Amino acid sequence: MEYIANLPEMDLMRSEKMALVQLIIPVESAHRAISYLGQLGLLQFKDLNADKSPFQRTFVNQVKRCAEMSRKLCFFKDQIHKAGLISSAHPDLQPDMELEELEATAFLVSSKSHAAAEERELEDHVYSNHDYGDTTSLLEQGMQAGPSNQYGVRFISGIICKSKVFRFERMLFRATRGNMLFNQAPADEQILDPVSAEMVEKMVFVVFFSGEQAKAKILKICEAYGANCYPIPEDITKQRQLAREVLSRLSELESTLDAGIRHRNKALNSIENQLTKWMNMVRREKAVYDTLNMLNFDITKKCLVGEGWCPIFAKTQIQEALQRATFDSSSQVGVIFHAMDAVESPPTYFRTNRFTNAFQEIVDAYGVARYREANPAVYTVITFPFLFAVMFGDWGHGICLLLGALFLIARENKLSSQKLGSFMEMLFGGRYVLLLMSLFSIYCGLIYNEFFSVPYHIFGGSAYKCQDATCSDAKSTGLVKFRDPYPFGVDPSWRGSRSELPFLNSLKMKMSILLGVTQMNLGIILSYFNAHFFGNSLDIRHQFVPQMIFLNSLFGYLSLLIVIKWCSGSQADLYHVMIYMFLSPFEDLGENKLFWGQTVLQVILLLLAVIAVPWMLFPKPFILKKRHSERFQGRTYRILGTSDMDHDMEPNPERLHHDEFDFSEVFVHQMIHSIEFILGAVSNTASYLRLWALSLAHSELSTVFYEKVLLLAWGYDNIIIRLVGLAVFAFATAFILLMMETLSAFLHALRLHWVEFQNKFYHGDGYKFRPFSFDLLTDDSE
């Protein structure tokens, strides 16, 4: 025990030791102090204003200001995207600016003078025309009746959306009682709608009518349907003059628009070079003020009081950052930083790197470890890819996965800086998991001796040969052993023989049981280390010991029989042995006997398994009840005159939970835990048989694609049939064996770790350490 207690702590085995700290920050250095802590990223603040709404907090105006700045920058980002501008590979390096300087930049402030200047420029270039018309609109000009048109047939021309033409014509017919002539023609090209900013189809129309009343009705209908009316003089000379003036004005408009677009693109280019930097700055400022809103503001002392969690090793770094903030802000009073006594459980923090982070995320997806609880990720680094490879074992497919993993790792720096899709991001995040899965798949594939389901004599010749000299077909005549066993993995001669399926079935099924019992024993052993670490001797004596006895009396014994049968070459039926161990424990085993004293050992193991059940169930609840009654015996009375002293003392957790102990609840909980373990020992062992099932399915599926697709197509002399067969085989290998089978084996390995392994020792009811860090800010945090 002393040797185990003195062992050094393994990285990732236990979460970092955490401390609850308090900060008293002067107002003048608060912003800089929080900024420096955000750069450090090792302090998780507690929200001391959780009872307040966002609008009741101290720095709500600053948060709104940052949100408005972020909205403006997002608008510029959208405009740059719509303009199709290409981002500069080398942005202009400009000195850092404060939020006030950014806010005062010209293009962020609404300047009425600029708008007025642009309006005057448009009027000078577009609307000023001394030879034709005045300042009135075309519709108003059309409404002015000339003396020559006071009587007789007159007309109104204009343009309208194509979707409104039918209703527009019917309304005109009804309003004029049929006293009009309507003609229409499609426009030459689509026109940009200034309201919806979309290209729409327009129709040119002419309405012939007679009388002033009809004209007034037609103009009102045109206005109601959004039709644009344009006056056209009746004189041919004036019509030609008008056409020339319209073309001239169109040319001037195009020149003005081109100049405006060039000016806009130039401004957007200057913005784009610094946009990412500005958005990051605004995002950080908003995060700082959001964090300041979590602190209490003491008006009398002009300081902010905050609390938070930090790792023990980070205290020195945090103090240095706070001292630097005090010095840089020229504050006369320094920041007070000291540890506090914690009542609630601290957050869980594991220091990971690029390699171990993905495995830690696999564990955290089930549940974050309780504070200082044994971390399954230490063992998941090896056991997860290995169990995957047991189901996926094929060294040809493993090489394909290895190439994909090496590609992701080789382009790690480039891909990490790009925004990837959801699937690609998940694949890139698990690149090192994929690397180990491929390596273990190659290893298991060499053991199974399968390369795209084809066996190879990699490690020498086979140990088997045909039964006689005339033998030519192993499938019909069988094989006999004539030399030492194949040095590594499965002998290639098993492939295609009559005994192939029974042999591989037996091998993979027994191997699955051995792996499952080994991993479940590891889980129970980790429960011992948890109990030892937290000083819980009750769990060691009445949980760890009976669980080890129960599991190994049954399934540990089965694993022993499997190993003995392999080593001795016995033909004993292990199903018969295990069934009659329960039904007839004293009956002679006969030909199923594997070693001397087996019957006596089975009776002893069966008795131990029966004893372990009440051992797990009854002692622990009664011992807890006895300890609780002894601990609080005599606490009903206390010494006179000590009431004030008791109020000043810190709250005692034992005193707080004095009335919370419920024996029936504890007993039912222990009973559920015991029954769950007993039934789980059977179901979990059976669950590991998925290793056998998926491995066999993967092998047989590979064989079907190889023999029934590739070899069948290759048997033809037609080159087209061969190419089609090769394409179908490649497609099936890539999408079914390398994608679907990989995902299937991954999910089953995930199930084995979450349920069969972690339920033996892992509570997973903690919460993750989430420090205030600028590096963790994303675009969604806006």
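In which helix is the place of leucine 427? In this predicted model, leucine 427 lies in helix α15, and with a relative accessibility of 32% the residue counts as partly exposed, since that class covers the range between the buried limit of under 20% and the exposed limit of over 50%.

Leu427 also takes part in a nonpolar surface patch of about 750 Å², to which Phe423, Met426, Phe731, Phe735, Met739 and Met740 contribute as well. Two elements, α15 (422-429) and α27 (719-757), each give two or more residues to this patch, and the largest share, amounting to 4 residues, is supplied by α27.

Helix α16, which covers residues 431-448, has 18 residues that should span 26 Å at 1.5 Å a residue, and the distance of 25 Å between its end C-alpha atoms agrees with this expectation. Of the 18 residues of α16, 14 are buried, and the helix is therefore largely enclosed by the rest of the structure. Just after α16 comes asparagine 449, for which phi is positive, at about 60 degrees.

Helix α9, made up of residues 236-292, includes glutamine 239, a residue that counts as partly exposed because its relative accessibility is 27%. When the neighbours within four places in sequence are left aside, glutamine 239 is found to be in contact with Ile232, Pro233 and Glu234.

Notes. Residues are numbered from 1 along each chain as its sequence is written. This is a predicted model: local features need pLDDT of at least 70, side-chain atom pairs count only at pLDDT 80 or more; totals for chains, interfaces and linings use all residues. Side-chain values use heavy atoms; hydrogens and water are left out. Patches are made of residues with over 30% relative accessible area and no salt bridge: like charges are joined within 9 Å, nonpolar side chains (Val, Leu, Ile, Met, Phe, Trp, Tyr) within 5 Å. Accessible areas come from the Shrake-Rupley method with a 1.4 Å probe; for residues, only the protein chains shown count as cover. A salt bridge is a side-chain nitrogen of Lys or Arg within 4 Å of a carboxyl oxygen of Asp or Glu. Buried means under 20% relative accessible area, exposed over 50%, partly exposed in between (1.4 Å probe, protein chains only). The expected span of a helix is 1.5 Å times one less than its number of residues. Contact means heavy atoms within 4.5 Å.
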